[in-house]
Amino acid sequence: DSNTIVVDMRNHYESEVGHFEGAILPDVETFREQLPVVAEMLADQKERNIVMYCTGGIRCEKASAYMKYKGFHNVFQLEGGIIEYTSQIRKQNLPNKFIGKNFVFDERLGERISQDIIAHCHQCGEPCDTHTNCSNDACHILFIQCDKCAEEYKGCCSIKCSDFLDLPKNE
C-alpha cells in the first residue's frame with residue numbers, strides 16, 4: 001500500500017543484517033533514542049499508515065503507544081515480531097518479504113530468514129552477516145566479522161585488541 005510506511009524499531013546492529021524490503025531503518029544505538037528520532041522523521045506524515053516491527057513484538061508495543069501519544073493516527077505493529085512472522089510464512093508457505101537474518105539475543109546472534117547476505121565484514125568489507133563479540137574481554141564489542149578476519153585478528157575487532165590478548169598476564 002503506497003500509503004503505508006514500514007519502520008524497523010530495532011537498533012542499527014540488528015537491522016544491518018536483515019530487515020523488511022523497503023523499511024525505514026533508523027541509524028540508532030538504543031531503542032530509547034529511536035522513539036523521538038522516528039517521530040521526528042515521520043512528523044509530516046501523521047495520517048499515513050505506520051507499520052512497526054521488531055524481533056518479538058515487545059518494543060513495538062511501547063513504540064506504538066509513543067507514536068499515538070505523538071499524534072500519529074494509524075499506527076500498527078507486526079504481531080509477535082519477526083519471530084512470529086517467520087513462523088507463519090513457513091507454516092503457510094507464504095512469500096517472504098524479510099531479507100537476510102533476524103538478530104536474536106541468544107548465543108546464535110542471528111537466525112537466517114532468507115539466503116541474502118546484506119551486511120559486510122566491519123574489517124575487510126566482504127559480504128558477511130556473522131555477528132561476534134570481540135575476544136578481548138576488556139573490549140567485548142559486538143561487530144560483524146568474516147571467517148578470514150576472525151582468523152587474522154584472532155576473533156578481535158582490531159589489531160590493538162588482538163595485540164592485547166598476546167600480552168603476558170602481568171602486563
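These notebook entries record what I looked up in the structure above.

**Ground rules.** I am working with a predicted model, in which local features need pLDDT of at least 70 and side-chain atom pairs count only at pLDDT 80 or more, while totals for chains, interfaces and linings use all residues. Residues are numbered from 1 along each chain as its sequence is written, and side-chain values use heavy atoms, with hydrogens and water left out.

**Overall layout.** I started with the elements, taking helices (H or I, at least four residues) and strands (E, at least two) as DSSP runs numbered from the N terminus. The protein has six helices and eight strands, and from the N terminus on they run β-α-β-α-β-α-β-α-β-β-β-β-α-α. Along the principal axes, the C-alpha atoms fill a box of roughly 60 × 35 × 25 Å. For burial I used relative accessible area, with buried under 20%, exposed over 50% and partly exposed in between (1.4 Å probe, protein chains only); of the 171 residues, 39% count as buried. The protein exposes about 9,800 Å², and carbon and sulfur atoms supply 51% of it; these areas come from the Shrake-Rupley method with a 1.4 Å probe, and for residues only the protein chains shown count as cover. I then looked at contacts (heavy atoms within 4.5 Å), and among those between residues at least 6 apart in sequence, 51% join residues at least 24 apart.

**Helix H3.** I next turned to H3, residues 58–69, whose 12 residues reach 17 Å from first C-alpha to last, close to the 16 Å expected at 1.5 Å a residue; the expected span is 1.5 Å times one less than the number of residues. Its buried residues are Arg-59, Cys-60, Ala-63, Ser-64 and Met-67. Seen down the helix axis, these residues fall within an arc of 125°, so they line one face of H3, the arc being that of the directions from the axis to the C-beta atoms. On the face turned away from that buried side I found the exposed residues Ile-58, Lys-62 and Tyr-69. The cover over the buried residues of H3 includes helix H1 (12–15), helix H2 (31–41), strand S3 (49–53) and strand S4 (74–77). After H3 comes Gly-71, with a positive phi near 100°.

**Arg-59.** I looked at this arginine of H3 on its own, and at 15% relative accessibility Arg-59 counts as buried. Leaving aside neighbours within four places in sequence, Arg-59 is in contact with Met-9, Arg-10, Asn-11, Glu-14, Phe-31, Cys-54 and Phe-105.

**Helix H2.** Phe-31, one of those contacts, is also among the buried residues of H2, together with Gln-34, Leu-35, Val-38 and Ala-39. Viewed down the axis of H2, the buried residues fall within an arc of 125°, so here too I note that they line one face of the helix. They pack against strand S1 (4–8) and H3, whereas the face of H2 turned away from them carries the exposed residues Arg-32 and Glu-40.

**Salt bridges.** I counted a salt bridge where a side-chain nitrogen of Lys or Arg lies within 4 Å of a carboxyl oxygen of Asp or Glu, and the structure holds seven. One of them joins Asp-129 and Lys-101, with the closest N and O atoms 3.7 Å apart. This pair links distant parts of the chain, 28 residues apart, with Asp-129 in the loop between strand S6 (111–112) and strand S7 (131–133) and Lys-101 in strand S5 (residues 98–102). Asp-129 is buried at 4% relative accessible area, and Lys-101 is buried at 13%. Lys-101, Arg-112 and Asp-129 are linked in a network of salt bridges.

I also noted the bridge between Lys-154 and Asp-166, whose closest N and O atoms are 2.5 Å apart. Lys-154 lies in the loop between helix H5 (147–152) and H6, and Asp-166 in helix H6, so the pair ties together parts that are 12 residues apart in sequence. Lys-154 is partly exposed at 41%, and Asp-166 is partly exposed at 49%.

**Surface patch.** Finally, I looked up a nonpolar patch on the surface formed by Phe-164, Leu-165 and Leu-167, with about 250 Å² of accessible area together. Patches are made of residues with over 30% relative accessible area and no salt bridge, with like charges joined within 9 Å and nonpolar side chains (Val, Leu, Ile, Met, Phe, Trp, Tyr) within 5 Å. Leu-167 is found in the segment after helix H6 (159–166), and at 37% relative accessibility Leu-167 counts as partly exposed.
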